[in-house]
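Please examine the sequence and the structure shown below.

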Amino acid sequence: MVRRGPAGILAALLVCAVLAGCTSDAEVGSTRVTVMVSGDPAEIDAYRAVVAGFNDSQDDVEAALLPFAERDELIARLSTSIAGGEPPDLFLMNYRYYGQFAARGALEPVGPYLEESSAFAEEDFFGSAMTPFRWDGEQLCLPQNVSSLVVYHNADLFRSAGLDPPSAGWTWDDMVASAEELTSDRDGDGSAEVHGLGVDPEIIRIAPLIWSNGGTLVDDEGSPTRFAFDPPAIEAIQRFLTLRTAGITPTDEEAEAEDLESRFLHGRLAMLMESRRVVPTLRTITDFAWDVATLPPMDVPVSVLHSDAYCITAASDAKDAAWRYLEFALGPEGQRIAAASGRTVPSLRSVADSDAFLDPEAGPAHGEVFLEQVPTLRAVPVISTWPEIEDIANALLEEAYYGGGRALEVALEITAATREAFARAD
Amino acid sequence: MAARRVSRGVASYPDRAPRANRNEVRTGYPAPMHGRAGAGRPSRIVDAAVPAVVLVLFLAPLVLVFLGSLRPTGTPPPTGIEALPADARLANYAELFATPQLVRQIGNSLLVAAVAIPLGVLVASWAGYAIARLPRGAAVLLISLTVAAATIPTTSLFVGRLVLFRVAGLTDTPIPLIAPALLGVSPLLVLLFGWSYHTIPRATYDLARESGLGPLRTWWHVALPLRVDVAVVAAAVAFIVSWGNLLDPLFYVYDERWYTLPLGLASLTELPPTDQGLMLAAAVLAIVPVCLIVVLAQRTVGAWRW
């Protein structure tokens, strides 16, 4: 029997470590492109399918996906890897969050690549999704989707209440009136079994209402220095806060006990104000019919942009290969693969207008609502500290929404609390 | 010849230890007290009730997670606490094991643990041994440095470590996940070993030195065998740290093929509410090995000690 001493153990461990560190199937001679994304498993599977499609079409470039569950994880990893000199070649990020990287000069402009591309041209994309990804006059990233805020509704609940489902031209007051009709407390215990509407009290939800009511969100949309809630904006915020005091949306405790998405799935929420994000989940509904409608305007039809884009990092040593991946992922084939997940509204016009996105069998029946809203889309400011500003504003809005606060007071609080973050913005 | 005799362990020479009784020479710990004078029935009831309450408190969440893991996918989540889901089944576990990414992640976690645990225990044990055997001044300095290292926020090290791994060309490998083991997993493990080796009677070390053993062989043939229980506990802690390590793979792994289970579990938390059962099944898979290791460690230490 061989007895191992400490030196033998150490040697064995080092051999194990070296063996563990060996990569077995690296392709010699091909350029590797790392693509960082975040999302739920279904979304990640769609990105994985795009990567597989790209790799099948290439001989000398191999894409590798770096998926993360949450956006915050991706941002933390991206920040660390940029600071450590080892960034991914590409990443996918919402326009509200990429400003911090653009301000640090960490992104490679894609405009010059786009001008010379034979795969697509700038006008092939929806302009409202392209604009927020311009930074200092340069197109830094290329959008993958052009989602927006809409209202999903339980068609069976509308029918059983004798109400017409939402249709083109409906207004905020129509929505509130329907929500009041649909909110029901059958056992009279003071707690509604069905709520008419569910919406998160967040600035990204309230911004389009402010614009719709003719109000202003910030003092200068190009380079904002503070929130600038004028009287129409205050009125819009007050009408939003009234949703809760009128009892047509869940209370704080009810929302904490069961989220809005789950309530809608259970048939206990008649309408849900959300982006395209929830469609894969809603497609699992079998107990009732559901559909989607435009965001009802307080006055002028407006919705808010939800869009993610692929960005190439400035420190990437494989920018040309990264662009080739980008051409595939944002071209017709890549966007069709991504659209099949139900999660995205394609940014490429030709795919958005095709059955790959609009197929009514897959649901929602009126997916064209997202495209009808595109001309009305507006974007929140793109500045480096916007994520921080949103966090501060959302906390105060939530307190006012569930605590019965007044619009003027919360508007003043938000303005004061975010002033310093605006001042630090690039 | 003296060295060969000592290599069979100090327990072979209890009578030669001048300042310690037999048990203290064997274990270095005071002899256990079996039973207590005057222990009555109320005391026994309390002795049984307190662990039972603690057990229920700790087991209840695990039971709820397991029951939730039986919920079929595609069904809305319960609105309250549910004893057993309607149509409960184990299909979620089969679905998880049919997912190549998750199977690979479990394999990667096991591989990392298999290398990192013995390596980490070895390094922590060596460092602790050095602290215990160095002159007092040097030991105090090392303890101070170790305590200071324990207070450094992990997040402040991410960029520096990434630069090191990048320069060494290790970012496409799992070695960054094993690297913490080269530092003894945690400064606390180093201190634990240091304290435990320090409790071994000086006479035992003197005996080993008189027998011609150098520091490394004294550690291997004398100190480590006397502190196997500490090594087992350290291994259990190292496993828990390695198995649940989310941040290192999050920040240092550049190849999805080397993703570990915590990252996979994190991605499942993003599943829609209708697939909650799947996420909970993965949580059970992540929890069970930790419970097994803790139970095994407890039994091993218990058997060795008493």
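How many residues does the contact take from chain B and from chain A? It takes 37 residues from chain B and 37 residues from chain A, two residues being in contact if their C-beta atoms, placed from the backbone, lie within 7 Å. This is a predicted model, in which local features need pLDDT of at least 70 and side-chain atom pairs count only at pLDDT 80 or more, while totals for chains, interfaces and linings use all residues. Residues are numbered from 1 along each chain as its sequence is written, and chains are lettered from A and ligands numbered from 1 in the order in which they are written.

- On the side of chain B that touches chain A, the elements giving two or more residues are α5 (100–133), α7 (158–167), α8 (175–178), α11 (215–226), α13 (247–252) and α14 (261–268) of chain B.
- Helices (H or I, at least four residues) and strands (E, at least two) are DSSP runs, numbered from the N terminus.

**Overall form of chain A**
- Chain A contains 20 helices and 15 strands.
- Its radius of gyration is 24 Å, close to the 22 Å of the globule rule for 426 residues, so chain A is as compact as a globular protein of that length; the radius is taken over C-alpha atoms, and the rule is 2.2 Å times the number of residues to the power 0.38.
- The C-alpha trace of chain A spans about 80 × 60 × 45 Å along its principal axes.

**Helix α19 of chain A**
- The 18 residues of α19(A) (386–403) should span 26 Å at 1.5 Å a residue, and the end C-alpha atoms are 25 Å apart, which agrees; the expected span is 1.5 Å times one less than the number of residues.
- Buried residues of α19(A) are A:W386, A:I389, A:A393, A:L396, A:L397, A:A400 and A:Y401; a residue is buried if 20 or more other C-beta atoms, placed from the backbone, lie within 10 Å of its own.
- Seen down the helix axis, the buried residues of α19(A) fall within an arc of 135 degrees, so they line one face; the arc is that of the directions from the axis to the C-beta atoms.
- These buried residues pack against α4 (99–103), α9 (203–212), α10 (231–245) and α20 (407–423) of chain A.

**Strand pairing in chain A**
- Strands β8(A) (147–148) and β13(A) (303–306) pair in the antiparallel sense over two bridges, pairing being assigned if DSSP finds at least two bridges.
- A:S147 stands opposite A:H306 in β13(A).
- Strands β13(A) and β15(A) (377–378) run parallel and are joined by two bridges, with A:L377 in β15(A) as the bridge partner of A:S303.

Methods
A residue is buried if 20 or more other C-beta atoms lie within 10 Å of its own, exposed if 12 or fewer, and partly exposed in between; C-beta atoms are placed from the backbone.
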